[in-house]
Amino acid sequence: MKLLATATALCLALASTCALANEPTEKDAIAMAERGAALMKSKGKAEMMKKINAKDPEFVQGELYVDMRDIKTGIVLAHPYNPSIVGKDLTDVPDANGKKYRREIIELAAAKGKGWVDYQYKNPTSGKIEPKTTYILRVDDVVLEAGIYKK
């Protein structure tokens with residue numbers, strides 16, 4: 001009986017850990033962007049772009065991923081789930097609610113170097129437009145963006 005209780009407690013602990021692992025947090029987004037910044041500083045921008053576009057598991061984990069844009073032009077440099085926007089300036093294209101969040105991202109990165117921006121975006125795991133908050137981190141002339149969907 002004691003073994004059954006221990007096994008049950010272990011299963012419950014593992015299940016709750018797995019549930020948490022499937023829901024990325026703000027800390028996870030910050031950590032992913034900072035890993036990207038460290039990689040850029042050690043291996044360069046081109047290597048980071050290659051990893052993002054190749055969906056490297058260090059920078060793409062389900063609905064949590066890093067993308068990159070040029071801070072001066074607004075051009076998307078790398079995106080793991082939407083390669084059709086790479087090379088495009090979508091700075092003034094609004095989200096589903098009319099918010100020009102990309103402009104806000106660029107302005108925040110230029111002014112403060114890092115911070116959070118809220119908007120609506122298509123979740124790659126659900127396929128639906130959902131509320132999202134994205135951590136942005138300026139690294140030289142680019143902005144790394146790692147966001148989580150609000151549940």
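Trainee: Why does N53 count as partly exposed?

Mentor: The relative accessibility of N53 is 39%. Buried means under 20% relative accessible area, exposed means over 50%, and partly exposed is in between, with a 1.4 Å probe and protein chains only. So N53 takes the label partly exposed, at 39%.

Trainee: What kind of model is this?

Mentor: It is a predicted model, where local features need pLDDT of at least 70 and side-chain atom pairs pLDDT 80 or more, while totals for chains, interfaces and linings use all residues. Residues are numbered from 1 along each chain, and side-chain values use heavy atoms, without hydrogens and water.

Trainee: Where does N53 lie?

Mentor: N53 lies in helix α3. Helices (H or I, at least four residues) and strands (E, at least two) are DSSP runs, numbered from the N terminus.

Trainee: Which residues does N53 contact, beyond its neighbours within four places in sequence?

Mentor: N53 is in contact with L77, A78, H79 and V86. Contact means heavy atoms within 4.5 Å.

Trainee: How many helices and strands does the protein have?

Mentor: The protein has four helices and six strands. From the N terminus, the order is α-α-α-β-β-β-α-β-β-β.

Trainee: How much of the protein is buried?

Mentor: Buried residues make up 41% of the 151 residues. Contacts can also be sorted by distance along the sequence. Among contacts between residues at least 6 apart, 49% join residues at least 24 apart.

Trainee: Why are α2 and α3 called oblique to each other?

Mentor: Look at the angle. The axes of α2 (residues 26–43) and α3 (residues 45–53) cross at roughly 135 degrees. They come within 7 Å. Angles under 35 degrees count as roughly parallel, over 145 as roughly antiparallel, 65 to 115 as roughly perpendicular, and the rest as oblique. The axes are lines fitted to C-alpha atoms, for helices over the stretch in contact, with angles from 0 to 180 degrees between N-to-C directions. Therefore α2 and α3 are oblique to each other.

Trainee: Which residues meet there?

Mentor: From α2 come G36, L39, M40 and K43. From α3 come K45, E47, M48 and K51. By class, the residues of this contact are three nonpolar, one polar and four charged. Ala, Val, Leu, Ile, Met, Phe, Trp, Tyr, Cys and Pro count as nonpolar, Asp, Glu, Lys and Arg as charged, and the others, Gly among them, as polar.

Trainee: Is K27 buried or exposed?

Mentor: K27 counts as exposed, because its relative accessibility is 69%. K27 is in helix α2. K27 and I148 are 121 residues apart in sequence, yet 9.9 Å apart in space, C-alpha to C-alpha.

Trainee: What makes the phi of K55 worth a look?

Mentor: The phi of K55 is near 55 degrees, positive in a residue other than glycine. Most residues other than glycine have a negative phi. K55 sits in the loop between α3 and β1 (60–61). K55 is partly exposed, at 42% relative accessible area.

Trainee: What is the phi of D140?

Mentor: The phi of D140 is near 55 degrees, a positive value. D140 lies in the loop between β5 (129–139) and β6 (142–149). With a relative accessible area of 63%, D140 is exposed.

Trainee: What makes a space a cavity or a pocket?

Mentor: On a 1 Å grid over the protein atoms alone, a cavity is a set of points where a 1.4 Å probe fits but cannot get out. A pocket is an open set with protein on both sides within 12 Å along at least five of seven lines, and lining residues have an atom within 4 Å of a point.

Trainee: How many cavities of 30 Å³ or more does the search find?

Mentor: The search finds one. The largest cavity holds about 80 Å³ of space. Among its lining residues are Y65, D67, R69 and H79. β2 (64–70) gives the most, three residues.

Trainee: How much space lies in the largest pocket?

Mentor: About 210 Å³. It has 17 lining residues, and the closest to its centre are N82, R102, Y121, K122 and I129. The largest share of the lining, three residues, comes from β4. By class, the pocket lining has 10 nonpolar, four polar and three charged residues.

Definitions and conventions. Points joined across faces, edges and corners; volume = space filled by probe spheres on them.
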